[in-house]
Amino acid sequence: MTPSVLKVKVWRGKQNGEFVGYEVPRLESQTVLDVVTYIQRSLDPSLSYRFACRVGMCGSCAMTVNGVARWTCRTHVSKVAQGDALEIAPLSNLPVIKDLATDMREFFDKWAKGKGQFQGTKTRHDEFEQVRPDSRERAAANAGIECIGCGVCYASCDVVTWRPDFLGPAALNRAWTLANDVRDNAQRERLKAVAGDIGCHSCHTQGSCSERCPKQIEPTAGIAGLKRLTARAAVRGELE
Amino acid sequence: MSALNAAAITQAKAWYWQRISAMVLALCVLVHLGVIIYAVRGGLSAAEILGRTHGSFVFGTFYTIFVLACAVHVPIGFARICEEWFGLKTSAAWLIAKALGLVILVMGLRAVYGVVL
């Protein structure tokens, strides 16, 4: 039977803090984000957290729910609650600003470090580039293009924990989609940026990122692709 | 070329060689196990093995390739383990790994020599 009250423990404070208990009414089709919102609106207005779209598009509401990083707006309480217990913490591997809000600057700076910007040559006066939808490159890019930048993969990656300078699954997935963009002309610089210890070669292929990505993207597969591309470029002397 | 880029190129090349050697090893191990299973059906003695391998060009070539693939594959992985588990610097890790590779190469080729020639 569904309990009528949820016993929720929420992280309060910054890097140093503690879990504080709240009792939240259990509702049908309740999401974890609903629970956090209830606490802020009805129990403690000083609770800080981040959200925007509530429909799984913006990637701002990810938190650690019962030990696992998840997008909270699309996570039903019924799926994750252990009995009537819910533990909500900020994402791992990121500095905590306050309560459930993390500082995501480094996460996104690493996208830039991995040359995550599209670099084209054409202008609006040129003809459109023809990219066949069934080409191998387009299919590879499609598989990774729906990333919403929520940081769930980054928080789930053990390599990021061991090696804080590792670019992480999201940045490498972005690099992989661009590596398969035939219009992009910064391929060499990008491969240089994602090769080596801070890039794809540190990945242990544990697959936590692919397991937990709410958009079912497989950064592990993209990182394996980058390893192949960088290896080919390295033995041909194109990375020098 | 920066030191960081040079290290990244080394990593990318090392990955390439580990991948190629892994492909060779996968094939070698299958053949190796297959031959063992086939050969021991009626019991096996040292004299029988040597009788089959002695002077055999095929056995000599096959196990030389096997040893070479091991000598390439093992040090690359071992260097990584030295870095990540034992916290060694890259240069120290590679020094130890290359020494291990040399030991595998010498001992392996010596064994091939002993069995085939």
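Predicted model: local features only at pLDDT ≥ 70, side-chain atom pairs only at ≥ 80, totals over all residues.

Student: How many nonpolar, polar and charged residues does the lining of the second largest pocket have?
Tutor: Here Ala, Val, Leu, Ile, Met, Phe, Trp, Tyr, Cys and Pro count as nonpolar, Asp, Glu, Lys and Arg as charged, and the others, Gly among them, as polar. Sorted in this way, the lining of the second largest pocket divides into six nonpolar, three polar and six charged residues.

Student: From which pLDDT do side-chain atom pairs count in this model?
Tutor: Residues are numbered from 1 along each chain as its sequence is written, while chains are lettered from A and ligands numbered from 1 in the order in which they are written.

Student: Which element gives the largest share of the lining of the second largest pocket?
Tutor: Among the 15 lining residues of the second largest pocket, A:R136, A:A179, A:N180, A:L229 and A:R232 lie nearest its centre. Two or more lining residues come from each of α4 (136–144), α7 (169–179), α8 and α10 (219–235) of chain A, helices being DSSP runs of H or I with at least four residues and strands runs of E with at least two, numbered from the N terminus. The largest share, five residues, comes from α10(A).

Student: Which element gives the largest share of the lining of the largest pocket?
Tutor: The largest pocket holds about 550 Å³ of space and is lined by 27 residues, with A:G196, A:D197, A:H201, B:Q11 and B:R80 lying nearest its centre. Two chains supply the elements that give two or more residues to this lining, namely α8 (187–194) of chain A and α1 (3–39), α3 (57–86) and α4 (90–116) of chain B. By class, the lining has 12 nonpolar, 10 polar and five charged residues. The largest share, nine residues, comes from α1(B).

Student: Why does α10(A) count as roughly perpendicular to α1(B)?
Tutor: The axes of these two helices come within 8 Å and cross at roughly 105°. Angles from 65 to 115 degrees count as roughly perpendicular, and therefore the relation of α10(A) to α1(B) is roughly perpendicular.

Student: How many nonpolar, polar and charged residues make up the contact of α10(A) with α1(B)?
Tutor: Contact means heavy atoms within 4.5 Å. On the side of α10(A) the contact is made by A:K227, A:R228, A:T230, A:A231, A:A234 and A:V235, and on the side of α1(B) by B:I9, B:A12, B:K13, B:W15, B:Y16 and B:R19. Taken by class, these residues are seven nonpolar, one polar and four charged.

Student: What percentage of the residues in chain A is buried?
Tutor: Chain A has 10 helices and seven strands, and its C-alpha atoms fill a box of roughly 60 × 40 × 30 Å along the principal axes. Buried means under 20% relative accessible area, exposed over 50%, and partly exposed in between (1.4 Å probe, protein chains only). Of the 240 residues in chain A, the buried share is 48%.

Student: Is B:G60 buried or exposed?
Tutor: B:G60 is placed in helix α3 of chain B, and, leaving aside neighbours within four places in sequence, B:G60 is in contact with B:V112 and B:V116. Because its relative accessible area is 10%, B:G60 counts as buried.

Student: Which residues does A:R212 touch, not counting those up to four places away in sequence?
Tutor: A:R212 lies in helix α9 (residues 208–212) of chain A and is partly exposed, with a relative accessible area of 32%. Not counting residues up to four places away in sequence, A:R212 touches A:V68, A:A69, A:V152 and A:S156.

Student: What is the phi of A:N93?
Tutor: Most residues other than glycine have a negative phi. A:N93 lies in the loop between β5 (85–89) and β6 (96–98) of chain A, and A:N93 is partly exposed, with a relative accessible area of 23%. Although A:N93 is a residue other than glycine, its phi is positive, near 65°.

Student: Where is A:S29 placed?
Tutor: A:S29 is not a glycine, yet A:S29 has a positive phi of about 55°. Its place is in chain A, in the loop between β2 (17–25) and α1 (32–43).

Technical notes. Heavy atoms only, no water. 1 Å grid on protein atoms, 1.4 Å probe; cavity = no way out; pocket = protein on both sides within 12 Å on 5 of 7 lines; lining within 4 Å. Points joined across faces, edges and corners; volume = space filled by probe spheres on them. Axes fitted to C-alpha atoms, helices over the stretch in contact; angles between N-to-C directions. Parallel < 35°, antiparallel > 145°, perpendicular 65-115°, else oblique.
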